[in-house]
Amino acid sequence: MNKGFTLAEILITLGIVGIVAAITLPTIIMNYKRIVWVNQLKANYTILTNGFSQMANSEGATSLAESDTFRSLSGAGCGTDPQYSEARCSKFFNNFKKFFKGDLQIAENYQYSTEILNPSNKKNYSGNIFIMPNGAIIFNYYFFPIGYSTAVNNQGHFYIDTNGYKGPNVFGRDIFYFGVILDPPYIVPGGSKLCKETTCVDFPYWKECRGCCKKDDYAPMGFMHNTSCAGRIIDEGWKMDY
């Protein structure tokens with residue numbers, strides 16, 4: 001008696017396996033990507049926190065307000081463009097780039113295209129960027145002189161693409177917003193309660209807004225809602241569950 005499978009049974013089994021794989025594989029791949037993106041955010045968050053801490057404690061300083069780096073700022077502050085190329089900002093940027101696990105490299109007149117969680121909404125940037133030793137990109141940054149901003153403890157902000165030139169270049173996936181304050185923890189993730197209370201006064205606290213870090217419910221503020229994702233990820237124990 002032949003106890004083997006027939007060709008028809010084998011084909012049916014393979015068909016079922018293929019259907020199951022087609023259903024589950026995209027979810028498995030997406031979950032893996034989320035883990036990678038979170039780990040990249042965590043690694044860069046550590047580098048950035050340490051960098052600003054070293055800056056705040058350099059040459060006898062005890063806060064960013066006393067650091068040579070921020071004391072060198074003048075006027076309205078220094079940012080991506082056109083202030084970067086102004087002579088008054090050169091000392092600030094030359095000092096700033098030394099504190100992040102090796103000198104930051106600079107790419108000038110860089111064109112950068114990003115998306116929010118809904119891919120139909122794009123935002124383009126141009127100007128000068130910092131490239132970190134690990135390849136991450138700091139862009140659309142601005143830093144204020146001590147006492148310039150009317151917001152409490154606000155010394156500036158920046159965006160970071162945690163995997164640099166590699167995609168997807170999407171806010172809430174590999175791109176995140178951070179504010180800069182004078183005292184520890186020095187940088188605050190967009191969407192966090194501390195960010196809302198200090199440097200991110202125009203950005204929502206992710207727990208208090210309807211569309212923060214949600215793929216299908218972002219419409220009220222669009223781009224700004226997706227800047228809240230770092231706060232959500234950290235508050236939820238370094239998870240990207242959206």
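**The turn between two strands**

Mentor: Start at glycine 135, which takes a positive phi near 95 degrees in the hairpin of strand 3 and strand 4. Five residues lie between these strands. The model is predicted, so local features need pLDDT of at least 70, side-chain atom pairs count only at pLDDT 80 or more, and totals for chains, interfaces and linings use all residues. Residues are numbered from 1 along each chain as its sequence is written, and side-chain values use heavy atoms, with hydrogens and water left out.

Now the strands themselves. Helices (H or I, at least four residues) and strands (E, at least two) are DSSP runs, numbered from the N terminus. Strand 3 and strand 4 (residues 137-143) run antiparallel, joined by two bridges. Strands count as paired if DSSP finds at least two bridges between them. Isoleucine 131 has isoleucine 137 in strand 4 as its bridge partner.

Look at the other partner of strand 3. Strand 2 (residues 105-115) is joined to strand 3 (residues 122-131) by nine bridges, again antiparallel. Here, asparagine 124 in strand 3 stands opposite serine 113.

Step back to the whole chain. The count is six helices and seven strands. Of the 242 residues, 48% are buried, meaning under 20% relative accessible area with a 1.4 Å probe and protein chains only.

Next, the interior. In soluble globular proteins, nonpolar side chains tend to be buried together. The largest nonpolar core has 42 residues, with Phe52, Phe143, Phe158 and Phe176 making the most contacts inside it. Two or more of its residues come from each of helix 1, helix 3 (87-96), strand 4, strand 5 (154-161), strand 6 (175-181) and helix 6 (229-235). Helix 1 gives the most, nine residues. A core is a set of buried Ala, Val, Leu, Ile, Met, Phe, Trp, Tyr and Cys residues joined through side-chain atoms within 4.5 Å.

Take phenylalanine 176. Leaving aside neighbours within four places in sequence, its contacts (heavy atoms within 4.5 Å) include Leu41, Phe158, Ile160, Ile233 and Tyr242.

Of the contacts with a separation of 6 or more, 55% link residues 24 or more positions apart.

Technical notes:
Buried < 20%, exposed > 50% of the residue type's maximum accessible area, 1.4 Å probe, protein only.
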